[in-house]
Amino acid sequence: MPDRTMVEAINLALARAMADDPAVMVLGQDIGVNGGVFRVTEGLFARFGADRVVDTPLSELGVCGVAVGLAAQGFRPVAEIQFMGFIYSTIDQLVNHASRLRTRTRGRLTCPMVMRAPFGGGIHAPEHHSESSEAMLTNVPGLKVVIPSSPARAYGLLLAAIRDPDPVVFLEPKRLYRAFREAVADDGDDLPLGRCALLRTGGDLTIVTWGAMTSEVLSAAAALSVEGIAAEVIDVTTLRPLDSDTILASVEKTGRCVIVHEAPRTGGFGAEIAARIAEHALLSLLAPVKRVAGYDTVMPLPKLEARYMPTEARILAAAHAVMEAR
Amino acid sequence: MEQAIDIPFTQFLAADGSVVADATPFPADPRKLVALYRALVRTRSFDLRAVELQRTGRLGTYASSLGQEAVAVGVGAAMDRTDVLLPSFREHGAQLLRGVTMVELFRFWGGDERGSDYAGPREDFPVSIPIGSHAPQAAGVAFALRLRGGGRAAVCVLGDGATSKGDFYEAMNLAGVWRLPVVFVVSNNQWAISLPRARQTAAETIAQKAIAAGFEGRQVDGNDVLAVTHAVSEALRMARDGGGPTLIEALTYRLADHTTADDSRRYRDENEVVRQWKNEPLTRLRLYLTARGHWSRDEEEALKAECAKEVGAAAALYLADEAQPVTAMFDYLYAELPSELIAQRMEAVAEADRDA
């Protein structure tokens with residue numbers, strides 16, 4: 001089984017989905033001849049042609065609207081928005097149309113589309129290229145929000161997103177695009193949406209995270225184990241629908257929880273997870289839940305970026321605080 | 001700086017029912033013209049009853065198409081059954097011609113999602129309340145129709161206000177560059193709620209906005225159903241033949257308030273409305289048909305009675321609707337209800353049961 005980067009794994013999943021199902025097509029800016037600004041769609045244009053790998057004008061709203069129209073007609077469009085900072089003009093299409101076409105028509109029309117966008121900081125990108133605004137999408141009934149954290153999960157989750165009969169926003173942590181390789185079998189098997197991935201088991205502390213932060217969290221968990229603290233690490237993978245069961249079962253076991261995300265703290269999706277723990281597992285808690293998150297500030301430009309991003313040190317500090325609480 | 005832009009304008013019938021002096025020959029098969037007239041009357045009958053139901057608390061906020069029936073009826077008449085309509089919210093006439101039932105329309109405007117589950121035109125879009133946001137979707141539908149082949153086309157109807165939005169420009173741009181089989185019809189009723197056409201855009205015509213997108217824009221008298229039908233038919237023929245999109249600006253007038261929640265006296269001179277009544281679309285076609293012996297007073301009375309009966313029966317059916325179960329909120333959200341929502345669904349059911 002060859003080792004692949006996340007970019008390669010996503011490319012493989014797109015190619016697999018297109019080969020398996022003639023209804024699948026990809027569209028977006030610079031995704032055809034150029035293979036995408038991150039090369040995620042490399043080679044697809046040559047293999048599947050201009051009707052299925054569609055270079056679009058510079059028109060995020062238009063691309064998303066076209067995807068809604070194609071999806072309502074039974075195609076399975078995978079639209080790429082180059083960076084999450086540019087998804088905002090698609091929100092009307094996502095919120096008013098994609099997410100509710102099934103509801104509005106009582107199932108007569110549906111919207112099996114995927115909108116992919118790289119997101120998150122840490123690669124010293126220009127202004128507006130590093131935000132993590134996933135939480136706003138989690139408050140849109142009818143949407144699914146999926147975030148992979150490894151090449152193999154990216155492959156399986158993207159296949160599931162494309163095959164899903166409802167609209168899925170697939171956010172790719174671009175810091176992990178080429179950060180490491182992992183064995184990825186191009187076997188066409190998808191990973192179910194709506195299920196957390198258990199990245200590490202442990203009985204002392206639960207750390208819940210998603211996307212690129214899994215890497216800091218796993219390092220922190222390794223450091224904690226040296227101190228004799230066994231952290232359980234949960235990668236949420238699908239923010240909506242959320243697999244609370246896995247999180248609650250873990251917290252009931254450990255009694256301690258740290259939630260880690262890159263997005264701003266207030267109204268971040270960590271707040272929802274903390275609320276669910278408070279609603280359903282409060283009496284299991286041995287310590288207050290702690291959040292390690294981005295600050296409630298505008299995402300800084302690259303020179304201050306590292307000060308914004310949650311670090312392993314911040315995660316360790318939160319873990320220690322939670323462990324010390326009685 | 002004035003730039004001369006040549007926008008073709010089509011009109012066959014003048015307000016008094018005469019054929020305009022320089023009209024090109026037009027298809028004048030009396031059976032087809034009578035069918036158009038019947039559709040106009042049917043639409044207005046529906047409209048009047050809908051307003052009446054709203055005024056008596058039995059329908060939600062409603063957007064009347066009074067005065068603009070010819071735009072929607074012309075669109076509906078020009079389209080093939082297999083084409084796909086993406087309407088704004090004032091195209092009741094087009095929807096009725098395409099097989100959406102009056103009961104379904106009442107349901108939607110009465111606040112029941114089942115009203116958008118059209119039994120007839122299964123691929124037609126539900127009305128788009130967010131202005132213009134269906135325009136790029138029309139490009140997507142047209143893209144799909146072209147990929148599948150078969151000479152089908154999409155028709156997107158928008159208001160004059162929508163043409164100020166980016167959605168409209170992005171859709172036009174995509175449709176132009178991809179030469180998509182789509183027709184954009186702007187029902188220019190001169191008012192976007194309180195904003196008059198003159199303050200909506202400095203462009204001399206809305207039709208000319210197509211020029212920048214690389215395809216033809218034309219104007220028609222939107223109160224002349226023959227002109228609308230003709231222009232949309234021509235545009236659809238071109239779209240089917242691979243000739244790409246067309247923008248048709250249909251010049252009409254909103255005789256009603258924006259919706260039943262609006263009071264246009266706050267911003268519009270009532271004398272203007274009185275003057276515009278002279279241009280309304282039903283009279284001219286009736287006068288034309290009557291003058292040529294294709295329509296009689298008896299037929300008029302019979303049609304009115306027939307429409308009243310149809311509208312009354314539809315209203316009765318709508319008013320007798322059983323409410324949707326509370327579970328409907330959840331059961332059409334996704335193909336399969338995510339397990340995290342099962343508890344909420346049970347909570348809603350329990351609350352409804354308690355209140356029953």
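Which elements of chain B do the buried residues of α4(B) pack against?

Modeller: Happy to walk you through that helix. A word on conventions before we start: this is a predicted model, in which local features need pLDDT of at least 70 and side-chain atom pairs count only at pLDDT 80 or more, while totals for chains, interfaces and linings use all residues. Residues are numbered from 1 along each chain as its sequence is written, and chains are lettered from A and ligands numbered from 1 in the order in which they are written.

The buried residues of α4(B) pack against α1, α3 (92–97) and α11 of chain B. Helices here are DSSP runs of H or I with at least four residues, strands are runs of E with at least two, and both are numbered from the N terminus. "In contact" means that the C-beta atoms of two residues, placed from the backbone, lie within 7 Å. A residue is buried if 20 or more other C-beta atoms lie within 10 Å of its own, exposed if 12 or fewer do, and partly exposed in between, again with C-beta atoms placed from the backbone.

By that count, eight of the eight residues of α4(B) are buried, so the helix is largely enclosed by the rest of the structure. They are M102(B), V103(B), E104(B), L105(B), F106(B), R107(B), F108(B) and W109(B). After the helix comes G111(B), with a positive phi near 95 degrees.

Now to one of those partners. α4(B) (residues 102–109) packs on α11(B) (residues 297–319) at an angle of about 50 degrees, and the axes lie 8 Å apart. The axes are lines fitted to C-alpha atoms, for helices over the stretch in contact, and the angles run from 0 to 180 degrees between N-to-C directions. That angle makes α4(B) oblique to α11(B): under 35 degrees counts as roughly parallel, over 145 as roughly antiparallel, 65 to 115 as roughly perpendicular, and the rest as oblique.

On the α4(B) side, M102(B), V103(B), F106(B) and R107(B) make the contact, and they meet E310(B), V311(B), A314(B), A315(B), L317(B) and Y318(B) of α11(B). Ala, Val, Leu, Ile, Met, Phe, Trp, Tyr, Cys and Pro count as nonpolar, Asp, Glu, Lys and Arg as charged, and the others, Gly among them, as polar.

Another of the partners, α1(B) (residues 30–55), has a packing of its own with α2(B) (residues 69–78), at about 130 degrees and with the axes 10 Å apart. That makes α1(B) oblique to α2(B), and their crossing is right-handed. From α1(B) the contact takes L36(B), A39(B), L40(B), T43(B) and R44(B), and from α2(B) it takes E69(B), A70(B), A72(B), V73(B) and A77(B). Seven of these residues are nonpolar, one is polar and two are charged.

Stepping back to the whole chain, chain B has 13 helices and eight strands. A compact globule of 356 residues would have a radius of gyration near 21 Å, and chain B has 21 Å, which agrees; this radius is taken over C-alpha atoms, and the globule rule is 2.2 Å times the number of residues to the power 0.38. The C-alpha trace of chain B spans about 70 × 50 × 45 Å along its principal axes. Of its 356 residues, 49% count as buried. Among contacts in chain B with a separation of 6 or more, 74% join residues 24 or more positions apart.

Finally, the neighbouring chain. Chain A gives 33 residues to the contact between the chains, and chain B gives 31. On the chain A side, α3(A) supplies the largest share, nine residues. That side divides into twelve nonpolar, 14 polar and seven charged residues. Chain A itself has twelve helices and 14 strands, and 58% of its 326 residues are buried.

Definitions and conventions. A crossing is left-handed if the near helix is turned anticlockwise from the far one by less than a right angle, and right-handed if clockwise.
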